[in-house]
Amino acid sequence: MRTLLTAAALLALATPALAGTLEEVTTKGIVLNIQGMDIEVDYTPDGKFSAMDGQITGEWRIDGDKLCTKSTVQPEETCTVYPKDKKSGDAFEVQGAEGPVGIKIK
């Protein structure tokens, strides 16, 4: 359960920046690497996302250079800025509340 909650909290960080990165993330999805565990996150055009084989679902929206999310496990909205100009296949880290989180755009 702790891993699920940690993953859910960090899913809020699964949020990109500027148009190129935001478009890539929300159309192709991402793989989060949290404490050595890979978690696929898929976004749909209607502002929804799912992870961990549907165990976590939520909503996303773009706010300027941030993607903001809230989920069934973390109902309060969190917004995170991602590096700009990233595309499919790119990997990078974002800084989360519990440390760095690895992200790879599918």
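**Fold, core and charges**

A: The chain has 2 helices and 8 strands. Keep in mind that the model is predicted.

Q: What pattern does the chain follow along the sequence?
A: It reads α-α-β-β-β-β-β-β-β-β.

Q: How much of the chain is buried?
A: Of its 106 residues, 42% count as buried. The accessible surface is about 5,600 Å², and carbon and sulfur atoms make up 48% of that.

Q: On to the core. Which residues touch the most other members?
A: Ile30, Leu32, Val41, Tyr43 and Ile103. They belong to the largest nonpolar core, which has 20 residues. At least two core residues come from each of α2 (19–28), β1 (30–34), β2 (37–44), β3 (48–51), β4 (56–63), β7 (91–96) and β8 (99–105).

Q: Which way do the β1 side chains point?
A: They alternate. Ile30, Leu32 and Ile34 are buried and point to one face.

Q: How does β1 pair with β2?
A: The two run antiparallel, joined by 5 bridges. Asn33 has Asp38 of β2 as its bridge partner. The hairpin has 2 residues between the strands, and Gln35 takes a positive phi near 50 degrees there.

Q: And how many bridges link β1 and β8?
A: 4, also in the antiparallel sense. Val31 is partnered with Lys104 of β8.

Q: Charges now. How many salt bridges are there?
A: The count is 5. One of them joins Lys106 and Glu40, at 2.9 Å from N to O. Lys106 sits in the segment after β8 and Glu40 in strand β2, 66 residues apart.

Q: What else does Lys106 meet in a salt bridge?
A: Asp42, at 2.5 Å from N to O. That pair is 64 residues apart, with Asp42 in strand β2.

Q: How exposed is Lys106?
A: Partly, with a relative accessible area of 28%. Glu40 is partly exposed at 48%, and Asp42 is partly exposed at 35%.

Q: What about Lys87 and Asp90?
A: Their side chains meet in a salt bridge too, at 3.9 Å from N to O.

Q: Is Asp90 buried or exposed?
A: Buried, because its relative accessibility is 19% and the cut-off is under 20%.

Technical notes: Residues are numbered from 1 along each chain as its sequence is written. This is a predicted model: local features need pLDDT of at least 70, side-chain atom pairs count only at pLDDT 80 or more; totals for chains, interfaces and linings use all residues. Side-chain values use heavy atoms; hydrogens and water are left out. A nonpolar core is a set of buried Ala, Val, Leu, Ile, Met, Phe, Trp, Tyr and Cys residues joined through side-chain atoms within 4.5 Å. Buried means under 20% relative accessible area, exposed over 50%, partly exposed in between (1.4 Å probe, protein chains only). Two strands pair if DSSP finds at least two bridges between them. Accessible areas come from the Shrake-Rupley method with a 1.4 Å probe; for residues, only the protein chains shown count as cover. A salt bridge is a side-chain nitrogen of Lys or Arg within 4 Å of a carboxyl oxygen of Asp or Glu.
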